[in-house]
Amino acid sequence: MSIRVSNLRLPVDEPEAELPAHLARTLGIGPSELGRWRIVRKALDLRDKRQLRFVYNFELDLPGDEPAVVARARGGAQVELHEEPPFAMPDPGPAPLPYRPVVIGSGPGGLVCAYFLALHGYRPIVLERGTKVNDRIRDVKTFDGGGAFEPESNYLFGEGGAGTFSDGKLTCRSTGPDVIRVLELFAECKGQQPGKPSILYYHRPHLGSNRLPAVVKAIRQKIEHFGGEVRFHTRAEDLEFDAAGLKGVSTSSGFIPTSVAVLAIGHSARDTYRMLARRGVPMTPKPFQFGVRIEHRQEVVNEVQFGPRHSKYEELLGNADYSLVASGGHDLFTFCMCAGGHIIPSVSQDGYFCSNGMSLSKRDSPFANSGLVVTVPVEAFEGTDVLAGVRLQEKYEAKAFELGGGREYRAPVQRARDFVRGVATTARPECSYPRGVTPTDLRQVLPPLVAEAVKNGLPQMDRRWHGRFLADAVLVGPEARGSSPVRIDRDNDSRESPGVPGLFPVGEGAGYAGGIVSAAVDGLRTARAIVGKYATLK
Ligand code: FAD
């Protein structure tokens, strides 16, 4: 049993060193009576611009009579007894495991699954089509600087998956022991920095693209330490299975016999989706997010969000972020907002262009960008087969590639005001995208229902920002990969593909996660299912 204190509201400049005193006062006890305590959530309340506040939730143990303290507590915060099941993994199951399990993909889903398999003695082999993270950093920098595109080493493929060059926001809608265990693993691999807000409790934990490579590398080293192996430049190209289950994985470096494979391929391995469809692995089309990226000057976002005292809050809190929704036939919403960030080419196939955003840990570029997306329903996929959504993405990404000057990989852009007025932009606007931009009419790279929702939603968002959302904002697009357009089906309990015993679809590409932490938690839970079913290797 422990105590949960929720909604303790304090000014943002209140030092964290004062938190034990506030907690003790809320509970009506002396500070020395406080046992172990931790912040479980810290959120920024922007409603009163004269006095921004943090809203804290805590969990704590008291050496004394906890129910009596809870009954006595008074003040604005909510105080209650709380019980959460501890994090647990099962004992190894009975099914024999003749070969090492294979994990396909080293994104957060695959890496975390492999980590827990290795930790429990299963010695997984991780297959990654791309390169080690250090080589990947070089390839991405070369591409950003105007160099050649590397089809197997880019913003989406390579060690750490899409997570490596992501913005590194470690937000997750769900909570509980599995989420905390994953955040603990990331924190351990990041190395705690005294004085920095901990990713274990901050309201919107953020690592930044410059910190993620070290985390990814540290997880890989742990997998190797516990007997696992990571094979780079090794693409899974086919699966061999019959009604009894999986027999092995054909790769670009030869065949690997196995009866257990985790499919953690992310949402951009379209060649792998096609292989799975050919092989008859059960998959279902699913709605996915499609839209554009919008960019403002960061100072505009700070002024709107922090209000007249923005300079004081910028000093205390850094650059502001935001989140907006506009309702309509299809709601338009902001997604993956990168304060102090850059727009990047989220490209994994030569001949196609897609935008996304990232930021470094300091979040200090003069630009703020955010996805601005609509959930596209399956009925709008222009086809009924399982890969119709993938083809819809490819159709508009190919058009964007052509508009951006082909292999120049310039980003098609349009002023937000021009988009709403329905006129093409002709002069080149300022934009953080590194390879240069082509002013155009972005409706050419958006499905009609997405273009309509952006056109109708932008003025609503502008009203909420009192005319500052549209002024000078630039749109870049398309942002076609907000989530996966297919689900690789799996059984709820066993987490295996219904058609292929031993095949475990995991993470964003399989349609069960959206984001770094949720993909990682999905990987952890699949590792738990594998441990509970199979005996460890002899
Ligand atoms: P992925 O990370 O996509 O990993 C899949 C891996 O599988 C890749 O390494 C790929 O090379 C490999 N692979 C694919 N096919 C094969 C094959 N056939 N054989 C061998 N290997 C294969 N999420 C957040 O939570 N916060 C953010 O701030 C954030 N920002 C983002 C910014 C950008 C630019 C991008 C692109 C994404 C961002 N995301 C963010 C999303 C997040 O990165 C993904 O949700 C997450 O990485 C999904 O994890 P995953 O393991 O399912 O797949």
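The centres of domain 1 and domain 2 lie 37 Å apart, taken over C-alpha atoms. This is a predicted model. The protein chain is divided into domain 1 (2-82), domain 2 (102-285 + 486-533) and domain 3 (288-479). A ligand lies between domain 2 and domain 3, because both give residues to the shell around the ligand.

**Domains and the recorded feature**

- Domain 2 is made of two stretches, 102-285 and 486-533. Domain 3 covers 288-479.
- An unreviewed UniProt entry places the feature "domain: FAD-dependent protein C-terminal" at residues 287-481.
- Over residues 287-481, the chain is 29% helix and 27% strand. The end C-alpha atoms of this stretch are 11 Å apart.

**The ligand and its shell**

- How many residues surround the ligand? There are 38 residues around the ligand. G109, E128, A162, E508 and I516 come nearest.
- The shell divides into 15 nonpolar, 17 polar and six charged residues.
- Three elements, α3 (108-119), β17 (355-359) and α13 (516-533), each supply at least two residues of the shell.
- An oxygen atom of the ligand is 2.7 Å from a polar backbone atom of I516. An oxygen atom of the ligand is also 2.8 Å from a polar backbone atom of A162.
- T272 takes part through its side chain. An N or O atom there is 3.0 Å from a nitrogen atom of the ligand.
- How much of the ligand's accessible area does the protein cover? On its own, the ligand has 1000 Å² of accessible area, and the protein covers 95% of that.

- R293 is found in strand β13 (residues 288-297). Is R293 buried or exposed? Its relative accessible area is 0%, under the 20% cut-off, so R293 is buried.
- A polar atom of the R293 side chain lies 3.2 Å from the backbone oxygen of C336.
- The R293 side chain also makes a polar contact with the side chain of N356, at 3.4 Å.
- R293 and A480 are 187 residues apart along the chain. Their C-alpha atoms are separated by 10.0 Å.

**Strand β21**

- Strand β21 spans residues 474-479, and P478 has its place there.
- Which residues does a cis peptide bond join? The bond joins G477 and P478, with omega about 5 degrees.
- E479 also lies in strand β21. Its relative accessibility is 1%, so E479 counts as buried.
- E479 and G357 are 122 residues apart along the chain. Their C-alpha atoms are separated by 9.7 Å.

**Positive phi angles**

- R363 is not a glycine, yet R363 has a positive phi of about 45 degrees. R363 is found in the loop between β17 and β18 (367-376).
- Is R363 buried or exposed? R363 counts as buried because its relative accessibility is 15%, and buried means under 20%.
- E382 is not a glycine either, and E382 has a positive phi of about 60 degrees. The place of E382 is in the loop between β18 and α10 (388-403).
- E382 has a relative accessible area of 49%, so E382 is partly exposed. Exposed would mean over 50%.

**Two further loop positions**

- D441 is found in the loop between β20 (437-439) and α12 (448-464). D441 is buried, because its relative accessible area is 16%.
- How far apart are D441 and T258 in space? C-alpha to C-alpha, D441 and T258 are 50 Å apart, and in sequence they are 183 residues apart.
- G35 lies in the loop between α1 (19-27) and β2 (37-45). Its relative accessibility is 27%, so G35 counts as partly exposed.
- G35 and L62 are 27 residues apart along the chain. Their C-alpha atoms are separated by 4.8 Å.

Notes. Residues numbered from 1 in each chain as written. Predicted model: local features only at pLDDT ≥ 70, side-chain atom pairs only at ≥ 80, totals over all residues. Heavy atoms only, no water. Near = heavy atom within 4 Å. Polar contact = N/O pair within 3.5 Å; in protein donor to acceptor, adjacent residues only side chain to side chain. Areas by Shrake-Rupley, 256 points an atom, 1.4 Å probe, with all protein chains shown as cover. Helix = DSSP H or I, 4+ residues; strand = E, 2+ residues; numbered from the N terminus. Nonpolar A, V, L, I, M, F, W, Y, C, P; charged D, E, K, R; others polar. Domains from an automatic or database assignment. UniProt positions renumbered as here; feature names shortened; annotations may be inferred. Buried < 20%, exposed > 50% of the residue type's maximum accessible area, 1.4 Å probe, protein only.
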